Amino acid sequence: MRSSLIRRTAVAASAVSFALLVSACGGDKAADGGDGGKGSGDKGAAAAPAAKVLTAAELEQAMLTQGDVPGHKISPAKAGDVGKPGDVTVDKQECLPLAHAASSIALGKPAADATRKVLEEAQKPSPGKSLADMTEKEMEDALTSAFAVTVTVDKLAAYGGKGAEEAVASLRAAGTACAGGFTVTQDGEQTKILKVEEAKVSGGDEAGAWVLTAAAEEEGKTMSFKVAAVRQGTTVATFMSMNIGASMGGKDFPLPTAVIDAQVAKVAKVA
């Protein structure tokens with residue numbers, strides 16, 4: 001997971017963030033060159049509506065598009081943005097749903113799914129020193145700030161029968177069983193998840209969110225992934241988010257609630 005997921009996110013963020021950093025620092029010279037709110041499992045299961053199963057075309061209609069979330073760039077996900085089920089294994093089988101969600105793999109066996117990548121637009125920093133005039137500490141702070149954007153892979157999956165409820169339930173069970181951590185192997189490389197903590201999110205018929213803290217390549221450093229799932233009828237929206245800059249600076253970052261709320265609202269209109 002470390003080699004693929006973190007690298008994909010860093011590349012996506014750097015396309016916007018680093019360009020803004022260089023232009024700002026260089027001036028004209030550079031220019032020339034808890035319970036999840038409504039997500040209570042018992043309540044969600046008891047009140048599950050008899051909703052239709054969305055087709056692949058309807059899922060595409062329900063997906064976020066550019067302009068739906070101000071301050072974010074939304075684009076179709078590429079093959080490299082989404083993991084493959086057979087490439088992801090865990091040392092504790094009960095943790096597989098979390099590993100799949102963190103790699104943007106659809107949970108269970110959906111009838112259809114669709115995926116988008118959502119990149120928070122970086123704020124252009126105020127003009128200051130040129131990169132050449134910065135101290136090492138100033139350079140590190142500037143880079144951390146430039147990469148402090150949240151990248152989210154947004155996936156919609158439609159299920160027949162009780163598949164949607166079962167998908168969310170599998171994440172809840174994994175969040176509890178794997179709180180003490182687990183090891184993921186993806187593309188032949190291992191990532192140690194040190195701990196899993198529940199976070200708060202609301203929306204749809206039920207919702208849940210979790211923070212996965214992973215050991216980073218640099219000894220003593222960690223990286224955080226945030227996974228959220230919201231069920232709207234027979235459709236489950238899952239979100240995998242990370243923020244390279246926040247992790248570099250040892251800071252937390254919020255769940256992308258604007259993205260989550262917009263996506264769930266759009267699903268509700270189609271469903």
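**Inside a nine-stranded sheet**

Q: Which residues of β4 are buried on one side and which on the other?
A: A strand here is a DSSP run of E with at least two residues, a helix is a run of H or I with at least four, and both are numbered from the N terminus. Buried means under 20% relative accessible area, exposed over 50%, and partly exposed in between (1.4 Å probe, protein chains only). Both faces of β4 are covered, with T150, T152, D154, L156 and A158 buried on one side, and on the other V151, V153, K155 and A157.

Q: How many of the nine residues of β4 are buried?
A: A quick word on the model: it is predicted, so local features need pLDDT of at least 70 and side-chain atom pairs count only at pLDDT 80 or more, while totals for chains, interfaces and linings use all residues. Residues are numbered from 1 along each chain as its sequence is written, and side-chain values use heavy atoms, leaving out hydrogens and water. β4 is largely enclosed by the rest of the structure, because the number of its residues that are buried is nine of the nine.

Q: What is the order of the strands in the open sheet?
A: Strands of a sheet pair through backbone hydrogen bonds, either parallel or antiparallel. Two strands count as paired if DSSP finds at least two bridges between them. Here the pairing is antiparallel, and the nine strands follow the order β1-β3-β4-β9-β8-β7-β6-β5-β2.

Q: Which strands stand at the edges of the sheet, each with a single partner?
A: An edge strand has one side left without a neighbour in the sheet, because it has a single partner strand. From one strand to the next, the twist averages 25 degrees. The edge strands are β1 (72–76) and β2 (88–90).

Q: How many bridges join β4 to β9?
A: On one flank, β4 runs antiparallel to β3, joined by eight bridges, and K155 of β4 has T115 opposite. On the other pairing, D154 stands opposite F239 in β9. β4 and β9 also run antiparallel, and the bridges that join them number nine.

Q: Which residues does T238 touch, beyond those up to four places away in sequence?
A: T238 belongs to strand β9 (residues 235–243). This threonine counts as buried because its relative accessibility is 12%. Contact means heavy atoms within 4.5 Å, and by that rule T238 touches L107, V153, D154, K155, A228 and A229.

Q: At about how many degrees to β7 does helix α6 run?
A: Axes are lines fitted to C-alpha atoms, for helices over the stretch in contact, and angles run from 0 to 180 degrees between N-to-C directions. Helix α6 (residues 163–177) lies across β6 (189–199), β7 (206–215), β8 (222–232) and β9. Its angle to β7 is about 40 degrees.

Q: Which strands does helix α8 touch as it packs on the sheet?
A: Helix α8 spans residues 257–270. Its direction makes about 20 degrees with that of β8. The strands in contact with α8 are β1, β3, β4 (150–158), β8 and β9.

Q: Which members of the largest nonpolar core touch the most other members?
A: A nonpolar core is a set of buried Ala, Val, Leu, Ile, Met, Phe, Trp, Tyr and Cys residues joined through side-chain atoms within 4.5 Å. The largest one has 36 residues; apart from it lies another core of 27 residues, among them I74, A207, A228 and V264. In the largest core, the members that touch the most others are L98, F182 and L212.

Q: Is F253 buried or exposed?
A: F253 sits in the loop between α7 (244–248) and α8. Its contacts, not counting residues up to four places away in sequence, include T150, S224 and M242. Because its relative accessible area is 3%, F253 is buried.

Q: How many residues apart in sequence are the parts that the pair C95 and C178 ties together?
A: A disulfide, taken as a pair of cysteine sulfur atoms within 2.5 Å, joins C95 to C178 with an S to S distance of 1.9 Å. The link is left-handed, with -110 degrees about the S-S bond, and both cysteines are buried. C95 lies in the loop between β2 and α4 (96–102) and C178 in the loop between α6 and β5 (182–186), so the parts tied together are apart in sequence by 83 residues.
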